[in-house]
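Hello,

Here is the structure I promised to pass on to you. Have a look at it first, and then read on for what turned up in it.

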Amino acid sequence: MTQKTAVITGAAQGVGEAVAERLAGEGVTDMLLIDRNETALSDLANRLHGRGVNSRVLVLDLANIDDLMKELPAALEDIGPIDILANTAGSTARGGLTDTTPDAFDLLFAINVRAPFFLMQLVSQSMRSGGVIINVTSMLAYGGPPFLMTYSATKAALVAMTKSAANTLKRDRVRVLGINLGWTWTPGEQETQTKVHGLPEDWSETVGANQPFGRLLMPEDPAALVAFLASKDACMMTGAIIDLDQFVAGAVDDNPGA
């Protein structure tokens with residue numbers, strides 16, 4: 001992927017950071033890193049600079065549509081034609097049918113649906129022929145637990161939007177794909193499980209041991225899939241939503257008590 005340019009949202013940590021590191025290892029030479037965490041974003045950019053990547057940062061809260069529409073076009077003009085857009089940013093804020101407030105509902109949809117829509121709108125105009133957009137969605141797009149009902153709805157919307165964008169952009173030779181991500185350890189998930197759900201610090205090891213493949217997914221797992229989908233080996237794929245999980249959607253677990 002030498003001489004290719006990538007835009008990555010949610011790049012400061014977790015999946016976005018792992019995607020940036022993996023694409024750098026695959027030879028991507030220019031990146032626009034987007035996140036609201038300025039310190040972590042700058043640290044990543046400095047590390048990538050040390051690996052020969054021309055890294056630019058855009059400190060941006062994706063919930064703020066005015067800032068997104070104002071600041072992203074200038075950043076895209078500065079970096080030039082784009083080959084890869086990885087929309088990895090998202091909120092996993094809790095909220096079910098009875099306890100989701102209108103403000104919380106709007107915020108989840110702003111980050112998980114509106115932001116990737118307008119990122120696709122703006123970035124696709126700067127994409128080279130053969131470019132690829134990869135949206136990280138969730139296995140909960142099929143439906144989730146009651147306390148993640150609103151989140152599940154946003155990811156289902158993102159799945160539909162991904163397929164529609166693939167259909168829209170196919171004649172421009174821009175591919176659009178989605179990854180339905182299973183339960184993945186990230187720094188954000190660590191904080192949620194310990195502070196919101198009260199689990200011990202080593203929860204991921206205990207929970208992971210009971211998963212079919214013996215562990216939770218790690219950020220490097222979706223990063224590897226992003227690298228494949230962005231490569232020439234996947235050049236005839238578009239509109240696909242890939243389940244990256246160790247459970248099979250719609251199937252019954254033969255060991256539900258494990």
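There are three aromatic pairs in the structure; rings of Phe, Tyr and Trp (its six-membered ring) are paired when their centres lie within 6.5 Å, and planes under 30 degrees apart count as stacked, over 60 as edge-to-face and the rest as tilted. One of them joins Phe 105 and Phe 109, a stacked pair with 4.7 Å centre to centre and 25° between the planes. Both residues lie in helix H4 (residues 102-124), four residues apart, about one turn of the helix.

Before going further, please keep in mind that this is a predicted model: local features need pLDDT of at least 70, side-chain atom pairs count only at pLDDT 80 or more, and totals for chains, interfaces and linings use all residues. Residues are numbered from 1 along each chain as its sequence is written, and side-chain values use heavy atoms, with hydrogens and water left out. Helices (H or I, at least four residues) and strands (E, at least two) are DSSP runs, numbered from the N terminus.

Phe 105 and Phe 109 also take part in the packing of H4 on H5. The axes of these two helices come within 9 Å and cross at roughly 15° (axes are lines fitted to C-alpha atoms, for helices over the stretch in contact, and angles run from 0 to 180 degrees between N-to-C directions). That makes H4 roughly parallel to H5; angles under 35 degrees count as roughly parallel, over 145 as roughly antiparallel, 65 to 115 as roughly perpendicular and the rest as oblique. On the H4 side the contact (heavy atoms within 4.5 Å) includes Leu 108, Val 113 and Met 120, and on the H5 side Tyr 151, Leu 158 and Met 161 are among the residues met. The contact divides into 14 nonpolar, four polar and one charged residue, where Ala, Val, Leu, Ile, Met, Phe, Trp, Tyr, Cys and Pro count as nonpolar, Asp, Glu, Lys and Arg as charged, and the others, Gly among them, as polar.

Now to the sheet. Seven strands make an open sheet with parallel pairing, in the order E3-E2-E1-E4-E5-E6-E7 (two strands pair if DSSP finds at least two bridges between them). Strands E3 (54-59) and E7 (241-244) are at the edges with a single partner strand each, so one side of each has no neighbour in the sheet. On average, neighbouring strands are turned by 15° against each other, direction ignored. Strand E1 (residues 5-9) pairs with strand E2 (residues 30-35) over five bridges, and Thr 5 stands opposite Asp 30 in E2. Helix H5 (residues 149-169) packs on the sheet, touching E5 (127-138), E6 (175-181) and E7, and its direction makes about 160° with that of E5. Helix H8 (residues 220-229) also touches E5, E6 and E7, and its direction makes about 160° with that of E6.

Finally, how does helix H1 (residues 14-25) pack against H8, and at what angle? The two pack at about 45°, with their axes 8 Å apart, which makes H1 oblique to H8. Val 15, Val 19 and Leu 23 are among the H1 residues in this contact, and Pro 222 and Val 226 among those of H8. Nine of the contact residues are nonpolar, none polar and two charged.

Best wishes
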